[in-house]
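Could you walk me through this structure? I'm new to it and would like a plain tour of its surface charges and its strands.

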Amino acid sequence: MTRAWAGINPLRPMIGMKAESRVPRPLPERIPRVPSEPDQRPSVMRQGLGVLAYAIRTEPGVFTGAVLASAVYGVMTVGSSWALGWATEHAVLPAFRTGRATQGTLAVAALLIVGVALVKALGVIGRRVLAGIMQYRMQARSRREVSRQYLRLPLAWHHRHPTGQLLSNASSDAEAAWAPLAPLPMAIGVVVMLVVAAGAILLVDPVLALVGFLVFPAIAALNFVYQRRLSPRMMRAQQLRAEVSEIAHESFDGALVVKTLGREDAEAARFQTRADALRDANITVGRIRGLFDPLLEALPTLGVLAVLLVGSLRLAGGDVTPGELIQVAYLFTLLAWPIRALGWVLAELPRSAAGWSRVRAVLTASGSMEYGTARLAGTGPATLEVRDLTYAHVPDTPVLAGVTFTVRPGRTLALVGPTGAGKSTLTQLMVRLIDPDRGQVLLDGTDLREAAQGEVSAAASLVPQQTFLFDDTVRGNLALGTRDPVPDERIWAALRLAQAEGFVSALPRGLDTRIGERGATLSGGQRQRLALARALVRTPRMLILDDATSSVDAQVESRILRGLREGSPESTVVVVAYRMATIALADEVVYLEHGRVVDRGTHDELLTRCRGYRDLVTAYEREEAERASLDAGEEVVA
Amino acid sequence: MTSLRVEERSAIATLRTGLALSPEFRAGLPVTLLLAALATVGKVIVPIAVQQVVDRGLKGSAPDLPFIRTAVLWCAAAVVLTAVCGYLMNVRLYRSTESGLATLRGKGFRHVHDLSVLTQNTERRGALVSRVTGDVDQISTFMQWGGLMVIVSVGQLLIAGVLMAVYSWQLALVVWGCFLPLVIVLPRFQRWVARAYTDVRERAGDMLAAISESVVGSAVIRAYGSEERTARRIDAAVHAHQRSQTRAQKIIAFTFPTTELVGAVAIAGVVLLGVRLGVAGEISAGRLIAFLFLITLFISPLQTATEVLNDAQNAVAGWRRVLGVLDTPADVADPGPAGQVLPRGPITVSFRDVGFAYPGGPPVLHGVSVDIAPRTRIAVVGETGSGKTTFAKLLTRLMDPTAGQVLIDGVDLRQVRFSSLRERVVMVPQDGFLFDGSLADNIRYGRPAASDEDIALAMTELGLTDWLDGLPAGLNTPVGQRGESLSAGERQLVALARAYLADPDLLLLDEATSAVDPATEVRLARALDGVTRGRTAVSIAHRLSTAEAADEVLVFEHGRIVQRGPHAELVARDGVYADLYASWTSAARTS
């Protein structure tokens with residue numbers, strides 16, 4: 001019975017999920033994960049009650065129903081002892097005294113006992129079903145709200161929060177926040193039960209009632225102390241459990257690195273340290289449970305013995321009947337368990353408060369992207385203008401500083417620069433995934449920040465460096481969020497242009513084949529080509545490729561790029577690239593170093609006048625040349 | 001899919017093997033069980049006390065107060081003793097089970113790392129993690145609560161049953177008759193509940209997957225304006241989960257009160273028959289009333305039985321999964337102390353007629369024989385699927401060949417201790433996986449004793465100081481989970497620095513600089529060759545320059561080395577390499 005209401009927890013915090021689409025991001029914020037110290041506990045309790053009050057305000061109907069059902073259960077629990085006492089007094093003892101059984105009274109007694117049990121069972125069913133409905137509704141509501149918020153908040157906010165944390169906000173935190181709702185109606189029913197029981201005992205005998213008034217508050221107080229001592233230690237154990245799982249996740253994810261550097265023993269030691277800490281924390285929890293559980297069981301038993309002792313004194317004085325004595329003793333055994341529900345609610349409150357505060361932090365996070373009202377209504381290739389763009393992930397270390405350039409409609413611009421120069425950040429600014437600290441990005445003369453919601457993504461498509469495919473069909477992945485249904489011919493045309501037609505038509509169910517984590521396995525190059533087709537299918541007026549063909553082999557890549565340039569250009573193209581073939585296709589090159597534009601011009605112009613650019617793009621040839629001259633030198637020497 | 005061993009073991013055999021794995025479980029078990037038995041006895045004190053008081057204390061016209069006082073005192077003493085036994089038992093149980101489980105976790109974790117990459121890759125990461133976390137937790141729930149409940153409940157049922165038979169066999173038959181149908185019904189209920197919860201867990205998995213897309217795919221969702229579509233998918237998954245939870249709750253709500261209802265029927269039956277027996281003088285009033293209390297002792301064990309059965313099944317399933325890991329042989333095993341430790345220095349590698357086939361698959365490498373001399377730069381080229389990566393994995397002993405031998409310094413790799421092998425041969429994979437921590441932590445990973453100065457020196461030698469200076473906190477920059485805070489190219493830089501600092505005699509690069517800019521790549525390649533240090537470098541090449549710079553090129557096609565020799569020589573000949581070269585140059589230089 002102890003854990004019946006808690007059920008089985010199907011959600012384990014999911015940590016370290018694969019994050020493929022992450023681009024450079026700044027120092028992640030670490031939220032301290034042990035939320036409450038003992039000295040803050042009263043306020044945590046108050047917060048927990050506040051969370052409950054919010055749930056009651058949100059679902060008043062279901063809550064009232066659950067409480068009423070629980071009250072029925074409470075009253076009937078006392079009622080069952082009364083029925084037994086009545087049966088003893090009116091049916092059992094008279095029969096033993098007189099040696100004659102009265103069938104009528106006996107039948108009434110039996111019906112009474114079964115009838116009370118039936119009503120009590122209905123109360124239990126109603127309470128459990130309604131409490132469940134309420135708890136799961138609140139959980140689902142929080143999850144919907146949190147994930148809506150994830151979709152609403154700007155990418156910069158996502159970059160500040162680790163994936164694992166965001167996932168546990170939506171899963172385990174949303175669960176913890178509403179966990180006390182399961183035992184809450186029961187606890188309220190228990191209060192009703194206690195009041196009725198107190199009344200019932202008082203009616204029997206004030207002296208016996210005194211025993212009850214000593215024993216039950218003692219049980220409640222013991223419970224209170226129990227839960228207050230237990231819950232911080234439970235939270236610590238929970239925390240360690242998450243850490244153990246985090247280490248396992250990371251370590252198994254990096255298994256190849258662990259192996260190739262021969263670090264298995266060190267990893268095992270790292271894991272064992274946390275596993276041992278978890279063991280110690282669990283033993284501490286166990287010690288407290290081990291102490292309080294037997295005490296909580298002994299107390300009502302001692303109460304019954306006290307009732308027998310005091311009761312027989314009262315019996316001698318003629319103040320109570322034997323039947324009444326039995327009724328009170330039975331009541332004590334009945335109340336012993338339910339009274340613990342008060343402790344269960346108490347136990348969940350701190351966890352609930354902590355979970356809710358983390359959910360709230362997401363829900364109240366500000367910085368949603370503001371949208372304007374302008375439409376990007378033109379057709380055909382767009383003009384892109386970047387003006388004095390400055391952006392810093394971390395204050396005072398700008399990734400981009402004063403970047404300015406223009407791309408005329410239908411032209412292709414190559415962004416070139418060393419690793420870490422800020423190219424990917426620039427591509428994100430160009431489709432307004434993030435907003436600049438200073439400066440502007442203009443599409444056909446309209447600042448992206450003034451465009452209405454959905455306008456930028458309809459006009460401009462970015463293919464990021466790292467491919468992210470949804471757990472969906474090929475068609476679903478390509479059509480993704482387009483305003484109108486896309487005809488198959490257009491999908492196939494895009495696949496053809498992305499050099500993906502061949503392998504997609506070879507998939508078992510063609511466009512309807514499921515891909516993504518649980519779908520068909522695709523190579524890195526194939527995934528990249530699908531991501532490219534996803535952009536091409538919407539014939540964007542501006543296409544931005546962030547090193548989007550790095551896993552595609554050279555011949556296929558050149559076919560893709562030639563395809564893009566054939567016919568009349570439908571898009572203005574910005575491409576981040578290292579390969580000379582890609583760069584050479586561009587009408588113009590912007591060369592970046594440390595977030596600044598060092599030079600811009602045609603490939604040939606930059607080759608002749610920009611040293612950094614020359615060093616970068618001709619690195620392979622120079623190496624080759626050096627080696628050739630070295631070999632020649634050696635030959636001369638030989 | 002999975003290649004982890006799934007032994008078809010019976011539940012009992014699983015329990016026995018599981019217990020044998022963690023000797024801590026059995027430490028002091030007899031005493032713990034004795035304490036549990038004593039703690040159970042305490043449960044029947046109330047019915048006995050009631051019976052004694054009613055039958056003997058209240059027998060006459062006036063209560064026998066001295067007798068009642070003595071009886072109550074004895075009973076109180078028994079209650080206190082029970083509580084003490086309960087406490088001691090709990091503490092012992094928690095200590096032994098938690099210690100056993102911590103050992104089990106550690107063993108499981110270590111064994112996962114001992115499995116070959118082949119075996120590891122057949123499992124989803126999350127599934128492997130749960131074998132050392134969630135699966136072990138399921139065992140602990142049973143060991144600390146369910147298993148004990150079985151003992152206590154069975155004890156309680158036995159004692160209450162025996163006591164009933166002693167008081168009145170006729171009434172005992174009534175009670176047993178009422179509860180017997182539950183023995184058949186409860187397991188069925190339990191199956192319903194278990195099935196409902198399996199469904200809840202599956203729906204929860206779907207829901208998390210849907211929500212995780214909104215986090216992991218945040219950039220793509222925004223770039224393609226697909227917020228609405230994603231929100232709809234999440235709503236559907238959240239709703240399906242909620243519905244499944246509610247369904248499970250309803251099943252529990254309707255099945256749970258059954259036992260108590262049966263209890264009430266039993267009580268009514270006992271009252272009806274008991275009074276008749278009493279009138280016939282076959283039972284005393286006290287005994288009859290004690291019976292009513294004894295019935296309550298029947299209810300709680302049966303109510304928990306459903307859950308305990310569920311726990312027991314979960315524990316056995318959990319144990320099976322953990323044992324599944326441990327039973328799977330470490331197919332690429334460390335020879336341990338029996339293995340050879342090779343001295344450091346210039347390294348010779350020989351492949352002798354090496355073949356390889358993935359389990360159940362066709363051979364992907366056939367009769368590969370090649371000698372790699374010390375201090376050489378080798379480039380491995382070939383189309384996707386030609387066997388390059390397999391060659392690399394065999395060379396670093398991530399897998400063992402299915403035919404032939406791989407030798408370093410004339411010793412079969414299978415005879416070399418891992419500690420010695422990993423010190424001499426290091427591979428840098430394409431995906432530069434980083435651990436959550438600072439840049440310095442990651443670079444130091446292969447050589448934990450390295451100082452900050454060593455790291456700074458290494459970064460200078462690799463020509464990466466410029467890049468490092470541009471980072472907000474230099475070497476102390478946190479890289480984020482899996483290195484997410486860095487770009488793909490930057491992660492590769494760190495992974496290379498990590499291997500460089502480990503300073504192996506042979507460095508194998510598997511397209512390790514594919515996302516790095518050309519100038520940096522050339523600089524890195526020079527530093528990493530380190531031929532002056534006597535190091536051998538093997539590169540799986542994706543760019544022409546790497547092949548050109550190599551002393552020797554190995555050309556793979558269809559799992560065979562079809563050509564080998566220096567670039568200049570190969571390019572002059574007709575063949576696979578010349579074709580490859582032609583396509584490379586056209587891609588790199590045409591416009």
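Let's start with B:Asp579, which is exposed, because its relative accessible area is 54% and anything over 50% counts as exposed. Keep in mind as you look around that this is a predicted model. You'll find B:Asp579 in helix α22 of chain B, which covers residues 576-589. On the surface, B:Asp579 gathers with A:Asp553, B:Glu383, B:Glu557 and B:Asp574 in a patch of negative charge.

There's a patch of positive charge to look at too. Helix α8 of chain B, residues 169-216, gives the most to the positive patch, with 3 residues. Take B:Arg191, which lies in helix α8 of chain B. With a relative accessible area of 42%, B:Arg191 is partly exposed, because that label goes to values between 20% and 50%.

Now for the strands. Strands of a sheet pair through backbone hydrogen bonds, and the pairing can be parallel or antiparallel. In chain B, 4 strands form an open sheet in the order β2-β1-β4-β5, with antiparallel pairing. At the edges stand β2 (363-372) and β5 (411-412) of chain B; each has a single partner strand, so one side of each is left without a neighbour in the sheet.

Further in, strand β1 (residues 349-357) and strand β4 (residues 403-408) of chain B run antiparallel and are joined by 5 bridges. To find your place there, look for B:Ser350, which stands opposite B:Leu407 in β4 of chain B.

Note on methods:
Residues are numbered from 1 along each chain as its sequence is written. Chains are lettered from A and ligands numbered from 1 in the order in which they are written. This is a predicted model: local features need pLDDT of at least 70, side-chain atom pairs count only at pLDDT 80 or more; totals for chains, interfaces and linings use all residues. Side-chain values use heavy atoms; hydrogens and water are left out. Helices (H or I, at least four residues) and strands (E, at least two) are DSSP runs, numbered from the N terminus. Buried means under 20% relative accessible area, exposed over 50%, partly exposed in between (1.4 Å probe, protein chains only). Two strands pair if DSSP finds at least two bridges between them. Patches are made of residues with over 30% relative accessible area and no salt bridge: like charges are joined within 9 Å, nonpolar side chains (Val, Leu, Ile, Met, Phe, Trp, Tyr) within 5 Å. Accessible areas come from the Shrake-Rupley method with a 1.4 Å probe; for residues, only the protein chains shown count as cover. A salt bridge is a side-chain nitrogen of Lys or Arg within 4 Å of a carboxyl oxygen of Asp or Glu. Lys and Arg count as positive and Asp and Glu as negative; His and the chain ends are not counted. The place of a charge is taken as NZ of Lys, CZ of Arg, CG of Asp or CD of Glu.
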